[in-house]
Amino acid sequence: MIQPDKAESLMRLAISEAKKSTAEDKGIHPFVGAVLADGNGQVIATAHRDEIGSGRHAEFIVLEKAATKKENLKDAELFVTLEPCTGRGPGKTPCAQRIKESGIHRVYIGMLDPNPQILGRGETYLRWSGIDVERFPNKLVQELFRLNADFLRIHQDAHLPSTSLYVTTQISSIIIQELQREGLDLSELPYDWDVSVEDLILYCHSYYTELVQWDLDDLLHKVRGIAFDKKYANHTYDKDARGIVPEWKDDFIEILARTGLDLLKDFRVINVGIGNGIEGEGLFDQIPELTVVDIGSQSLKAAKRRLPRSHPILASAEKLTPIRTSSQDVYISLRTYQSSYFDILSAVREAYRVLRIGGMFIVSIANAFLGEEDALIPGLVIPYTSIVDRNRPFEIAEKIRWQLTSMRFEEIGVRSGFTEIFVFGRRAV
């Protein structure tokens with residue numbers, strides 16, 4: 001595998017190639033560049049869209065150049081600034097198929113194609129073909145967004161169906177209803193990705209100054225748990241990306257293998273944000289020292305039924321007070337860190353506290369929803385809309401990675417999976 005520093009330089013080279021792209025007609029087309037390198041990072045070929053005319057895609061051109069040189073691509077890695085297409089005109093082979101047939105084993109993708117007919121399908125096709133897929137870092141993705149601003153505007157937004165749980169049921173709305181039952185007559189609450197439960201407490205305190213701080217603290221934490229119970233306690237994978245892509249478990253198992261945790265049953269494991277335990281079936285059943293944590297009491301009861309060996313604790317990721325310091329070998333939290341009113345920095349600090357020296361931290365951020373006809377739509381839903389922001393999961397992953405770095409975690413890695421992005425690291429001191 002190409003080393004990270006070298007890989008980033010090849011990504012930048014692909015962006016430089018993309019800037020050379022020309023349009024074959026008066027329409028708006030994406031700027032796309034591609035770089036093919038061997039396993040040591042030595043460049044085999046470069047290409048950009050329409051380099052040889054006729055609207056030829058960069059991937060097609062770079063593979064043709066490699067074929068002319070009669071290169072063996074078994075250990076080759078491809079860096080391409082736009083998600084490879086999965087559909088072309090009559091008689092044309094999609095780029096994703098060409099990549100699969102070439103024998104390339106790893107592809108780095110800059111930005112997903114905003115065209116809803118392709119969005120996420122190219123990446124998924126490559127993964128299902130057994131090809132490792134990684135993403136460019138966020139700073140380079142932003143550069144590609146600026147370069148392709150006109151192309152992005154044509155396909156401005158990807159939407160979830162109006163019937164999606166993530167559109168019809170908002171955590172903040174449930175919290176408002178619960179607060180009203182408690183006598184706090186609020187009609188709205190601050191609601192955005194970076195608003196934490198502590199921000200919520202301060203906001204409510206400004207309206208109800210007669211309530212002491214700890215009363216509101218207890219109340220807001222309680223109703224947050226109720227809200228998540230109402231939304232997720234009975235959640236299944238029937239209308240969930242994980243339901244149609246069960247390979248998400250393979251992604252997780254690969255992370256375990258990469259970090260030396262092939263046999264989780266040999267470790268003391270804490271799973272924070274276990275929900276109703278559905279994610280643990282087949283993964284965590286056989287762990288004798290498993291602690292499961294959630295803020296929803298009903299969800300936690302369901303998790304205990306699914307994982308009878310587990311020790312359930314009602315607590316939040318930001319305040320794991322019942323868990324002893326340096327008591328856990330592995331900290332796991334899957335698709336929780338993007339949750340409403342979640343404080344990422346506090347949660348990482350608590351993970352650091354409960355992990356022993358050398359303990360592993362593994363979390364994931366949701367990065368796929370079901371669209372129409374069960375199409376996968378990568379990204380996270382913008383609050384109170386049906387619009388999916390494709391970049392937000394990577395921003396959250398970067399925030400977690402930065403916090404791990406600042407706390408001197410080692411062996412830090414970010415891995416883009418089928419339905420989520422994994423961030424992991426080992427506590428050093």
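Predicted model: local features only at pLDDT ≥ 70, side-chain atom pairs only at ≥ 80, totals over all residues.
This passage walks through the overall build of the chain and then a handful of its local features. Residues are numbered from 1 along each chain as its sequence is written, and side-chain values use heavy atoms, with hydrogens and water left out.

The chain has 15 helices and 17 strands, taken as DSSP runs (H or I, at least four residues, for helices; E, at least two, for strands) and numbered from the N terminus. The C-alpha trace spans about 75 × 50 × 35 Å along its principal axes. Of the 429 residues, 56% count as buried (under 20% relative accessible area, with exposed over 50% and partly exposed in between; 1.4 Å probe, protein chains only). The accessible surface comes to about 18800 Å², and 50% of that belongs to carbon and sulfur atoms; areas come from the Shrake-Rupley method with a 1.4 Å probe, and for residues only the protein chains shown count as cover. Among contacts (heavy atoms within 4.5 Å) with a separation of 6 or more, 68% come from residues 24 or more positions apart.

On to the helices. Helix α1 (residues 4–18) packs against helix α5 (residues 138–147) at an angle of about 5°, and their axes are 11 Å apart. The axes are lines fitted to C-alpha atoms, for helices over the stretch in contact, and angles run from 0 to 180 degrees between N-to-C directions. That makes α1 roughly parallel to α5 (under 35 degrees; over 145 is roughly antiparallel, 65 to 115 roughly perpendicular and the rest oblique). On the α1 side, E8, M11, R12, I15 and A18 meet K139, L140, E143, L144 and L147 of α5. By class, this contact has six nonpolar, no polar and four charged residues; Ala, Val, Leu, Ile, Met, Phe, Trp, Tyr, Cys and Pro count as nonpolar, Asp, Glu, Lys and Arg as charged, and the others, Gly among them, as polar.

Helix α2 (residues 58–68) has A58, E59, F60, I61, V62, L63 and A66 as its buried residues. Their cover includes β1 (33–37), β2 (43–48), β3 (77–82) and α3 (95–102). Just after α2, K70 takes a positive phi of about 55°.

Further along, V272 lies in strand β7 (residues 269–272) and is buried, at 1% relative accessible area. Leaving out residues up to four places away in sequence, V272 touches V293, A317, L320, Y331, I332, S333, L334 and T336. V272 and T336 are 64 residues apart along the chain, yet 8.0 Å separates their C-alpha atoms.

The loop between β9 (311–314) and β10 (328–334) holds S316, which counts as buried at 7% relative accessibility. Beyond its neighbours within four places in sequence, S316 is in contact with R224 and I295. S326 lies in the loop between β9 and β10 too, and is partly exposed at 34%. S326 has a positive phi of about 55° although it is not a glycine.
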